[in-house]
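Visitor: I have a structure I'd like to go through with you. Could we take it piece by piece, with me asking as we go?

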Amino acid sequence: MMYSIESEILKVTIQQKGAELDSIFNRTNNHEYLWSGDAAFWGKKSPVLFPIVGTLKNDTYFITSKSYHLSRHGFARDLLFEVSSQTANANAITFTLRSNEDTYQKFPFHFRFDIIYAVTANILSVTYRVTNTGKAEMFFSVGGHPAFRLPLTAGSGYSDYYLEFSEAENAGRWPISKEGLIEKTSMQLLDNSRHLPITKELFQNDAIVLKNLRSEKVKLKSDKSAEGIEFDFTGFPYLGLWAAKNADFICIEPWCGIADSVDSDQQLETKEGINKLAADEVFERTWRITLF
């Protein structure tokens, strides 16, 4: 089932399955900004990553010597969320996933996971709110995976676009092994630069994984088009960039969490990027896109 929220500029549609964005449509220029979901390349559009981000070593983690198994990016993207609230003026909606017997077998914590979508003028905000409804401390990751179509407008091509970070960056790209794990050393990507040209060759060896950026915002732009996206990922310590091979999109992925490293000991409590939440506490992060 699909649900929509609207402002005077935007109409945003969300699937109930996975609480996944399905459309970001700009009424002022009649342009769709989200990827089409062409299954010949990648059949998703904006999956939500929870309770892990990326791949676990051997798809396995341990808590107090007991092993558990989760596939890449966790289970939330494949489950049916309930719509727990919607504003009367239809500019915001909350989707909720609660732990149950099935999730507990893979992830032994009690939780409530809310995703709040809201639009104001030309801005879409996406909030992840995780509540520990159990009695034990909870360990988890969460992140987004939205895919934006490229080119955004006619008259421009894929390689006409670039990313412009809000701060000059000295950033290494952390390579991903064939098993989906983070390698031990990074490769130089940005050398005191704010500018990253987008080419399909960038993603021939999987995603670009960035850590410890100074920037909290990045713009997707082209000198051949006045239209683009500003992406605010304040509060997310990791950023992923990805596209399926030869596909006409780019994913800009804000992460509170990261895949296991190749030398991971697989202990969830000490995993890099893991978030810890005491009983009854709430974790909340919001990313925002401004369309221009």
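Visitor: How many bridges join β1 to β2, and which way do the two strands run?

Guide: In this predicted model, β1 is joined to strand β2, residues 10–15, by five bridges, and the two run antiparallel. Within that pairing, Met2 stands opposite Gln15 in β2.

Visitor: What is the strand order in the open sheet of four strands?

Guide: The order is β1-β2-β3-β4, with antiparallel pairing. The edge strands are β1, covering 2–6, and β4, since each of these pairs on one side only. As a general point, strands of a sheet pair through backbone hydrogen bonds, in either a parallel or an antiparallel way.

Visitor: And which strand pairs with β5?

Guide: Strand β5, residues 60–63, pairs with strand β6, residues 66–69, in the antiparallel sense and over four bridges. Phe62 faces Ser67 of β6 across that pairing. The two strands make a hairpin with two residues between them, and Thr64, which sits in the turn, has a positive phi of about 45°.

Visitor: Which other residues have a positive phi without being glycine?

Guide: Ala121 is one of them, with phi near 55°, and Asn246 is another, at about 65°. Ala121 belongs to the loop between β9 (111–120) and β10 (123–132), while Asn246 is in the loop between β19 (238–242) and β20 (249–256).

Visitor: What about the largest pocket, how much space lies in it?

Guide: The largest pocket holds about 260 Å³ of space. Its lining consists of 20 residues, and those that lie nearest the centre are Arg72, His73, His145, Asp206 and Glu253. Sorted by class, the lining has 11 nonpolar, five polar and four charged residues.

Visitor: Which members of the largest nonpolar core touch the most others?

Guide: Of the 93 residues in that core, Ile24, Phe113, Tyr117, Leu124, Leu163 and Phe249 touch the most other members. The largest share of the core comes from β20, which supplies six residues.

Visitor: Take Ile24, then: what does it touch?

Guide: Leaving out residues up to four places away in sequence, Ile24 touches a set that includes Val12, Tyr33, Leu34, Leu124, Phe148, Ile289 and Leu291. Lys11, His31 and Glu32 are also among the residues that Ile24 touches.

Visitor: Last one, Asp223: is that residue buried or exposed?

Guide: Asp223 counts as exposed, because its relative accessibility is 69%. Its place is in the loop between β17 (217–222) and β18 (225–232).

Visitor: Which residues is Asp223 in contact with?

Guide: Apart from its neighbours within four places in sequence, Asp223 is in contact with Asp160 and Tyr162. As for Arg149, which is 74 residues from Asp223 along the chain, the C-alpha atoms of the two are separated by 17 Å.

Terms used. Residues numbered from 1 in each chain as written. Predicted model: local features only at pLDDT ≥ 70, side-chain atom pairs only at ≥ 80, totals over all residues. Heavy atoms only, no water. 1 Å grid on protein atoms, 1.4 Å probe; cavity = no way out; pocket = protein on both sides within 12 Å on 5 of 7 lines; lining within 4 Å. Points joined across faces, edges and corners; volume = space filled by probe spheres on them. Nonpolar A, V, L, I, M, F, W, Y, C, P; charged D, E, K, R; others polar. Pairing = 2+ DSSP bridges. Core = buried A, V, L, I, M, F, W, Y, C linked by side-chain atoms within 4.5 Å. Buried < 20%, exposed > 50% of the residue type's maximum accessible area, 1.4 Å probe, protein only. Contact = heavy atoms within 4.5 Å.
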